[in-house]
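Please look over the structure shown here, and then read the briefing that follows. It is written for someone meeting such a model for the first time.

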Amino acid sequence: MSVADAFMLVIAVLGGSAALLVVTSRNVVHAALYLVIALLAVAGTFLLLGAEFLAWAQVLVYVGAVVVLILFGLMLTRAPIGPMAQSNELGKALPVGVSGALFLVLVVLILRSFGNTTFTPRVVTAANLGELLYVDWAFPFMVLGFLLTVSLIGAVVIARQDEGEGPEPGLDFDTEQLPEVPSETDATPSPHVQHTAEVPAGREGGGA
Amino acid sequence: MLIAYPLVFAALLFCVGIYGVLSRRNAVVVLMSVELMLASVTVNLVTFNQLVAERSDVLLTGQVFALFVLAVGAAEVGVALAIILLLYRNRASVNIDDADLMKY
Amino acid sequence: MWFVRNAWLIPALPAVAAGLIFALGRRLPGRGALLGIGVIGLSFVVALGVAVQVFSANVEAVAQVEEAHGEVSAAEGGEEQHAVEDDQAVTESEEEAAIPEGVHSFLYDEGVDLTGTGADWSFQAGIRIDGLAAMMFLLVTFVSLMVQIYSTGYMHGDPRYTYFFGLLSLFTASMLLLVIANNIMLMLVGWELVGICSFLLIGFWWEEKVNSSASIKAFITTKLGDVGLVVGVITLWGMFRTFRIEAILEAVEAGEFSQSLLTFALIALFVGAIGKSAQFPLHTWLPDAMAGPTPVSALIHAATMVTAGVFMIARLYPAFEASPTALAVIAIIGAITLVMAGLLALVQDDVKRVLAYSTVSQLGYMVAALAFSYTAGIFHLFTHGFFKALLFLGSGSLIHAVHSNNMSDMGGLRKAMPTTFATFVVGSAALAALPPLAGFWSKDEVLAGALESGGYTGNLVWILGTLGGFLTAFYMTRVLWLVFGGEYRGHGEPHESPRSMAWPLIALAVPAFFIGFINLPFGFAHPVGFAAWTAFDLAYFEEQGAVFVVWLAALATVLALVAVALGTLLYRKAPAPDDDPMLNMGWATRVLDRKYYLDLLYSDAIVRTVIRTKLANASYWFNDHVLDRVVYLVGVGTARLGRATYEIGDQKGIDGGINGLGLSALWLGAKLRLAQSGNVQLYAGAMFAGITVLAVAFAVS
């Protein structure tokens, strides 16, 4: 076992347990922090594989930006930050069964195919990758930039509060406390749908 | 270096991601699980790229792809969080089993 | 050769104009009319350029041949002028030998190949410009220009004014496409477009049932002929594996084909022409087509619609030449048509119907002429276009003034409408083939050509043609007196039409008077005349040339004058239909009739102007009942068949099947929707489980 193998083993154990904690932790903020560790482990793997630019990109983009974004998302949605009901009504059987079975299949396949294969990672510098990216992959790279712009605009459009539609984002309102507006058309709608749909009408009616 | 290590690590991350996606109700946690799966895919891409490059001196296409997956993943997180915000605004909840308009 | 290379502009311009008018409509200056007129004017200019270039190239080629020919026998030129028929046999072989290498009549045939490489046949769409096409461009664009200018006055205040001009532009563009096409398929496209445009225009005032039924009748009757046309086109393709006109003509010239098959194809094509060019027995739609606005009638009769059939025959003339049987059929149909329609024209009261039957009759001349002489046929087509447009526009002017189509409501209009009167007289005289007007030269060319060829068809055509000339002169005299002579019988105060309508009349009267001079049969005009301009083949041109038989021309002229005199005698006082010129007419005409062995039919036809007697009645009855009935029965049969197909095949078979499919899908959906729990994670779990199974299956295999 070489030094690289040892490092790899350590990183894999670390990252794997962090990932397990992400999906099992009862506290969502904790889960996000475990995600940082898991993603750092991935970055470490990249380093071991000789892909140094990718490793730093992983750290910057995921650990830096994405996790912060997720934390902001948690804050904005006032999701129950503390412990919460873990599983859905599916129970444990399906998730454990499917993921466990797939993991078994994959491990068996990997070991059978690459069980003894070794390789010496070539160090790929940012210069190598940059040359490739800006020469051969210039056009897809531009398309990628365009995609990011589009998704930025899309995210803004989706998350934006349309005027007159739904409650104000800053407004602290509770659907249960709103006055019931009698509905003539629909006898048994989902309570959530009913409230959000009727709120503006109710307000206007009150003003008039 | 045994190539099986990074591959098994990636498989582990992927399956843990699946578990998270299938079992958790909180949409943000589901999103994190998806991120785990994406990361495992990039690990696979880089690993196999190294393997192939060593054998036949192929260029670094795998790493370029990993980079692209990274970028697309970042974009995806942005859009997904926007959708979660919208869901929360309409349902006052981030539980994905509350988003069940399509069910019979 | 700029004009020739860019001749595609001629149909393209009005087509674009039509599109613009339909799209932008009333917002255009003059509510679309100015655009239509301006564009067709441009097309006319281009057509003029094309004509000059093509005609001069042809004249040059003919001159070269003449030169070479002169070296062979210098003396012949002089004799040829007067009596071509005498030395034709002698000179024919020499002349053909005398055509120098590399000299040929003008032809520009360029197209784009639309088939992929490697196909064993080709479909080429493009333009084919020769003398014939250049002539048609001139005629169509000029008449269309006049008609559109005229329409600004005639259609003034119509609620669908803009739409009308759009249709006129489209109609013209379709006809020009038909003319310019270098393959029969493209020609067919233009042909059908012409048909649909005429349908829309004849039924332009569709609010009245009569008009819409007339348009439907016109459409269906011509469609009946089109079946033949399509059969002909397909047969030609089957024979030669090409739609290209040039390739077909070359193949025919090479002589490698089955004679009977070619005859079949050509007669099938001619059936199309029978429908479109209103030949017996499918002529019945044309008089009914008078339901459309009068400018449309002028366009249909002079330039764009009925000439299509004649043009098609002329376009494929070398092929028709190769089949004497087809030519005989053409000659007989043409001869029957010209007399029958001439007789029917005698008994009409509606001024437009008289003109309509005269058009049918003149088309009979053209078709019959094509059986003997290419030049004569298209020359008559050319001159007829001008004076018939003039006559129709003149009748439109009359109708505009008195608000009635019937001659019994007119009378005494000479003083009230001097311009219309003068131009109408010119048109009538040209139609009646009085020298030296246009109709005289072309009609005599037709008769002389038929006489030259001899044979039973030739004799039939020139005899019937001469008789037809008499009829033409007579009924036009009758129209003139009834409309312009005597006292005014209608309501209101008739007045001269506005200038926008009067000027086109004058502009058309000039060519109606002079256009015949371009093909004088005498020597001084021979090398540069119409025959040389439009020659499609120099050998043919040398052989045929311009023919003129003095005694026949004199006979025709005398007969026409007699007819005029007779008409004047009978109709000088412009009698109302209730008056009784019958006895006079019956006696005078019976004498004339016996000379032509057609007395019974003729006298009865005249008598029918007042009392309904048998034969004319019968011919009318035959016209309206038997022929129309056949068309009607075919229509009903088709409708029945369609209904049966609808009820059994469509409703029960196809709809049943479709409904069954829909119902089963509904049922299945109702069952399957129970599986939709709405839980995304369940779906995702199922998906990943499936992926796992797939991975295993992949690994195992």
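In chain A, 50% of the contacts with a separation of 6 or more join residues 24 or more positions apart; two residues are in contact if their C-beta atoms, placed from the backbone, lie within 7 Å. This is a predicted model, in which local features need pLDDT of at least 70, side-chain atom pairs count only at pLDDT 80 or more, and totals for chains, interfaces and linings use all residues. Residues are numbered from 1 along each chain as its sequence is written, while chains are lettered from A and ligands numbered from 1 in the order in which they are written.

**Chain A**
- Chain A has seven helices and zero strands, and its pattern along the sequence reads α-α-α-α-α-α-α.
- Helices (H or I, at least four residues) and strands (E, at least two) are DSSP runs, numbered from the N terminus.
- Among the 208 residues of chain A, 25% count as buried.
- A residue is buried if 20 or more other C-beta atoms lie within 10 Å of its own, exposed if 12 or fewer, and partly exposed in between, with C-beta atoms placed from the backbone.
- H3(A) consists of 25 residues, and its first and last C-alpha atoms are 34 Å apart, close to the 36 Å expected at 1.5 Å a residue.
- The expected span of a helix is 1.5 Å times one less than its number of residues.
- The buried residues of H3(A) include A:Phe53, A:Leu54, A:Tyr62, A:Val66 and A:Ile70.

**Where chains A and B touch**
- Chain A brings 82 residues to the contact and chain B brings 65 residues.
- On the chain A side, H4(A) gives the most, with twelve residues.
- That side of chain A has 57 nonpolar, 22 polar and three charged residues.
- In this count, Ala, Val, Leu, Ile, Met, Phe, Trp, Tyr, Cys and Pro are nonpolar, Asp, Glu, Lys and Arg are charged, and the others, Gly among them, are polar.
- B:Leu2 lies in the segment before helix H1 (4–23) of chain B.
- Leaving aside neighbours within four places in sequence, B:Leu2 is in contact with A:Asp5 and A:Thr118.
- B:Leu2 counts as partly exposed because it has 19 C-beta neighbours inside 10 Å.

**Chain C**
- Chain C contains 30 helices and two strands, and 53% of its 701 residues count as buried.
- Residues 24 or more positions apart make up 79% of the chain C contacts with a separation of 6 or more.
- In helix H17 (residues 351–370) of chain C, 20 of the 20 residues are buried, so H17(C) is largely enclosed by the rest of the structure.

**Nonpolar cores**
- A nonpolar core is a set of buried Ala, Val, Leu, Ile, Met, Phe, Trp, Tyr and Cys residues joined through C-beta atoms within 7 Å.
- The largest core has 224 residues, of which C:Val50, C:Phe137, C:Ala389 and C:Ala512 touch the most other members.
- Helix H18 (residues 374–402) of chain C supplies the largest share of this core, 17 residues.
- Apart from this core lies another, of 85 residues, among them A:Ala12, B:Leu7, B:Val30 and B:Leu31.

**Confidence**
- The pLDDT is the predictor's confidence in each residue, from 0 to 100.
- Chain C averages a pLDDT of 76, and 81% of the residues score at least 70.
- Over residues 580–585 of chain C, the pLDDT is below 50.
- The model scores ipTM 0.89 and pTM 0.57.
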